Amino acid sequence: MNIMTFNTNEELNQIGAGIVASLIQTKPNAVLGLATGSSPIGIYQELIRLYEKGYVSFKNVHSYNLDEYVGLPEGHPETYRSFMNTQLFNHVDINKDNTRVPDGNAADLEAECKQYDAALAQASIDIQFLGIGHNGHIGFNEPDQQLHGGTHVVQLKDETRQANARFFDSIDQVPTQAVTMGVGSILKAKMILLIGRGAEKADIIHRALTGPITTEVPASLLQTHPNVVVLLDKEAAQKFND
Ligand code: GLP
């Protein structure tokens with residue numbers, strides 16, 4: 001595991017975007033596993049800047065997002081599809097037909113999960129972006145006695161709904177369920193780019209990366225992956241210096 005700590009968010013974003021841009025330069029049809037939340041936004045902004053400067057093209061890139069809320073109306077600004085369009089896809093030359101986000105409004109969610117897994121089985125993700133929840137969740141794989149390998153519907157924990165309530169007018173509007181890629185699919189990515197920002201993530205990141213491997217901290221499973229790059233700002237990295 002390669003853990004890098006940065007003094008400024010600007011440097012973190014530049015290195016993160018550089019890793020992704022280098023991949024796309026050598027493999028124009030790279031497959032990206034994308035994440036939402038605040039953690040990856042700065043890297044997406046830097047990728048947009050690199051695209052605008054002509055250093056990278058997403059024309060042949062394919063992408064798969066980690067997760068999506070269940071039941072938010074299509075076009076709602078907090079759907080992860082809207083997030084991806086606003087934060088990245090609308091600003092680069094990616095073909096939106098080549099971007100997939102689970103459909104949280106599918107009439108048959110179980111069938112949607114199966115279709116998503118079938119698509120992932122063909123795809124082979126080159127770089128998987130990941131943030132981390134305060135309770136150690138990755139995607140929406142919440143702490144539990146057992147974890148799912150494949151895409152599934154998950155009941156969101158209260159703490160996750162509370163953490164994400166900042167994006168909604170009130171907690172009542174935060175969906176109670178989501179569709180998420182499973183930990184098995186995440187761990188199949190060739191490289192994982194875990195991004196952590198802010199002091200409130202310091203403890204869980206340290207536990208996930210140095211503590212016991214346990215389904216109660218889903219991100220701890222990343223310790224079993226051979227190619228994880230961790231990008232931390234100095235606040236999120238503070239427990240590594242204790
Ligand atoms: C959500 C997403 C996760 C994300 C997490 C942390 O729950 N489903 O993929 O990692 O939030 O978000 P943030 O980066 O805003 O702290």
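Reply: A polar contact here is a pair of N or O atoms within 3.5 Å; within protein, one of the two must be able to donate a hydrogen and the other to accept it, and residues adjacent in sequence count only if both atoms are side-chain atoms. The model is a predicted one, in which local features need pLDDT of at least 70 and side-chain atom pairs count only at pLDDT 80 or more, while totals for chains, interfaces and linings use all residues. Residues are numbered from 1 along each chain as its sequence is written, and side-chain values use heavy atoms, with hydrogens and water left out.

Around the ligand there are 13 residues, a residue being near when one of its heavy atoms lies within 4 Å. Ser 38, Ser 39, Asp 67, His 137 and Lys 201 are the ones that come nearest. Ile 132 takes part through its backbone, with an N or O atom 3.4 Å from an oxygen atom of the ligand. Of the 390 Å² of accessible area that the ligand has on its own, the protein covers 95% (Shrake-Rupley method, 1.4 Å probe; for residues, only the protein chains shown count as cover).

Moving on to the other positions, the element names refer to DSSP runs numbered from the N terminus, with helices (H or I) of at least four residues and strands (E) of at least two. Thr 99 belongs to strand S5, residues 99-100, and counts as buried because its relative accessibility is 5% (buried means under 20%, exposed over 50%, and partly exposed in between, with a 1.4 Å probe and protein chains only). The side chain of Thr 99 makes a polar contact of 3.0 Å with the side chain of Arg 81, and it also reaches the backbone oxygen of Lys 96 at 2.7 Å. Leu 88, in the loop between helix H3 (80-87) and S5, is likewise counted as buried, since its relative accessibility is 3%. The C-alpha atoms of Leu 88 and Ile 41 are separated by 8.5 Å, although the two residues are 47 apart along the chain.

Ser 124 sits in the loop between helix H4 (109-123) and strand S6 (127-130). Its phi is near 60°, a positive value in a residue other than glycine. Most residues other than glycine have a negative phi. Ser 124 is described as partly exposed because its relative accessible area is 36%.

Helix H7 (residues 202-210) contains Leu 209, which counts as buried because its relative accessibility is 9%. Between the C-alpha atoms of Thr 215 and Val 228, which are 13 residues apart along the chain, the separation is 18 Å.
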